[in-house]
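I opened this notebook to record what I looked up in one structure. The entries follow the order in which I consulted it.

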Amino acid sequence: MSNTETKAQAKDRTAARTTAKAASADDENDLGAAGSQLSTAPKEDAARDDAPNLPSLGVIGWARWFWRQLTSMRVALLLLFMLSLAAIPGSLIPQTGQDETKVADFLNRHETLGPVYEKLGLFHVYSSVWFSAIYILLFISLIGCIVPRTWQFVEQLRGRPPKAPRRLNRLPAYATWRTEAEPEQVREIALKVLKRRRFRSHVAGDAVAAEKGYLREAGNLVFHLALIVMLIAFAWGQLFKSEGTKLILQGDGFANTMTQYDDFKSGNLFTIDDLDSFSFNLKTAKATYERNGPNRGTPRTFESHITYSVGPDGKEKPATIKVNKPLVVGDSKVYMINFGYAPVITVRDGKGKVVFQDAVPLLPIDGNLTSSGAIKVLDGYRNGKGEKEQLGFNAFFVPTFAGAGKGEMLSQFPALDFPVLALSAYHGDLGVDSGIPQNIYQLDKKNLKEFKDSKGQLLKKRMLPGETMKLPDGAGSVTFDSVEPWSRFQITQQPGSGWALAGAIAAILGLAASLFIQRRRVWVRAVKGADGVTVVEMAGLGRSESAKLPEELGDLAGLIHDAAPTAQDRAADADPGSEPVIESGSDAHVAPTEGAETS
């Protein structure tokens with residue numbers, strides 16, 4: 001008899017353990033369903049440890065694996081980091097698209113390192129194969145990440161929050177109390193309170209299910225979409241951009257055609273037809289500087305007053321171009337990027353005939369506008385013997401001269417306080433007819449001869465405005481008449497800049513939403529207890545752990561409790577008017593929310 005009872009008890013214990021395991025598994029599934037779809041992150045496959053031995057993947061299998069890896073968030077972040085690293089050489093190493101002279105100088109100074117950089121494409125980083133590969137892979141990765149997430153998010157918006165788990169007290173934030181109100185009344189009250197707090201809520205069985213914080217996932221999607229927009233805008237701008245500069249003397253003008261530019265570069269898909277049709281005249285160019293104090297000589301203002309017209313028959317309009325305040329015409333922007341001086345020079349031959357009279361721009365070499373350049377007389381000049389020759393003068397100009405015997409000829413202040421022009425004279429062949437391009441600010445002295453002074457030295461002289469330098473042997477004269485200011489303008493056309501700015505702003509807003517908005521769910525269950533009193537249970541679950549969730553649940557419980565207060569006459573061991581009991585951070589196991597971090 002005892003053996004029979006022992007076997008029966010063993011069977012009962014085994015059945016009880018099986019039932020407990022099944023109930024525990026049901027609870028785990030129940031809590032897992034409650035926390036499902038709080039994120040649009042792709043679901044990970046089941047653990048591989050217990051997976052059976054499978055045949056090789058094959059070509060299609062490997063292609064799917066590669067696609068899954070490429071479109072994962074980890075790879076997208078890695079590619080974004082690689083792109084930022086790849087852009088560093090473009091800032092530190094001279095680029096052919098910006099300054100070919102600096103690239104040539106780098107190659108001359110680094111005979112070993114230069115060719116290596118050239119083979120690696122470091123002199124044209126942003127158009128190199130490896131930079132383009134990273135760029136394209138990042139673009140594909142972002143699209144592969146965002147498309148499935150978008151569909152999942154749309155499905156979540158179309159769906160409803162899941163029903164309440166059977167055991168709400170296992171969730172991180174929990175509240176309960178007993179009330180005389182009917183369960184239906186409690187659920188109606190809870191529905192109204194939750195909707196006032198902008199929860200998406202509905203009645204599911206004996207409980208109200210509510211959810212809030214969809215903007216977190218929306219912000220995440222907006223952030224990734226904004227990155228794609230920025231990538232497209234950057235590529236579009238690089239392909240269709242144009243950029244050129246033009247030095248204009250006060251009183252001269254400019255028309256936006258290719259032949260008018262001093263230098264011009266553009267994207268691979270840019271055409272001449274893409275140039276905006278406009279022109280402008282430089283009426284006055286002005287600059288002011290600090291006169292006193294430690295900042296003496298520091299520029300205060302650079303202004304170019306112009307009149308411009310749009311199209312061939314457009315009406316002229318006045319405008320002022322300042323530093324960082326460009327003229328905007330269509331997709332083009334005209335920036336003032338530099339200011340300087342142009343001495344007005346008159347050259348006469350031995351018979352007194354004027355063979356050259358013009359303002360010659362000189363380039364600044366320091367902050368006080370000490371300037372240098374060359375004056376070239378190409379045609380119309382004949383020497384004392386009546387022979388045709390060309391004249392060349394090295395020019396050095398200071399707007400404020402310190403005075404003779406007071407150090408080197410360097411300007412003491414950038415304004416025209418004491419202008420002095422120093423010239424050295426040459427004659428012969430300037431080499432401009434050889435067909436080889438020349439720098440207009442430098443003399444090619446290969447076929448030139450020096451004019452000699454009475455001591456047999458190179459003829460040179462410092463001149464004030466109105467003074468003249470006589471050339472020897474009746475060769476003529478050079479007069480320094482006056483000084484005219486000039487402005488250098490940069491005309492740019494960057495079609496994708498507006499989209500890039502909008503994408504950057506959207507990315508910041510989306511990132512802020514994904515970081516500071518918490519996705520959370522709240523359930524309110526109201527059922528009759530064994531003694532006929534309604535038992536109210538509230539619980540909350542967030543995508544990640546947060547101290548705000550218990551606080552929010554407490555506020556919601558307080559609002560519902562005000563309308564359905566504690567049953568004072570039947571509440572066990574409770575004081576009159578007692579509040580609901582709030583629990584958080586319980587030791588009970590809680591199924592982790594999908595995408596949440598657990599410790």
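I began with the record: UniProt positions are given here in the numbering used for this structure, feature names are shortened, and annotations may be inferred rather than shown by experiment. I noted that the model is predicted, that local features need pLDDT of at least 70 and side-chain atom pairs pLDDT 80 or more, and that totals for chains, interfaces and linings use all residues. Residues are numbered from 1 along each chain as its sequence is written, and side-chain values use heavy atoms, with hydrogens and water left out.

**Annotated spans.** According to the unreviewed UniProt entry, the annotation "transmembrane region" covers residues 75–93, 129–151, 221–240 and 498–517. I checked two of these spans against the helices (H or I, at least four residues) and strands (E, at least two), which are DSSP runs numbered from the N terminus. Residues 129–151 are 100% helix and 0% strand, with end C-alpha atoms 34 Å apart. Residues 498–517 are 95% helix and 0% strand, and their end C-alpha atoms lie 28 Å apart.

**Aromatic pairs.** I counted rings of Phe, Tyr and Trp (its six-membered ring) as paired if their centres lie within 6.5 Å; planes under 30 degrees apart are stacked, over 60 edge-to-face, and the rest tilted. The structure holds 20 such pairs. Y126 and F131 form an edge-to-face pair, because their planes stand at 90°, with ring centres 5.4 Å apart. For accessibility I took buried as under 20% relative accessible area, exposed as over 50%, and partly exposed as in between (1.4 Å probe, protein chains only). F131 is buried at 5%, whereas Y126 is partly exposed at 34%.

I then examined Y135 and F234, whose ring centres are 5.9 Å apart and whose planes meet at 40°, so the pair is tilted. This pair links distant parts of the chain, 99 residues apart: Y135 belongs to helix α7 (residues 129–158) and F234 to helix α9 (residues 214–240). Y135 is buried at 13%; F234 is partly exposed at 35%.

I also recorded one aromatic cluster, formed by Y289, F302, F339, Y341, F397, F413 and F480.

**Nonpolar cores.** A core is a set of buried Ala, Val, Leu, Ile, Met, Phe, Trp, Tyr and Cys residues joined through side-chain atoms within 4.5 Å. Which residues have the most contacts inside the largest core? They are F393 and L471, in a core of 50 residues. Strand β11 (residues 332–348) gives the most to this core, with six residues. Apart from it lies another core of 24 residues, including W177 and L556.
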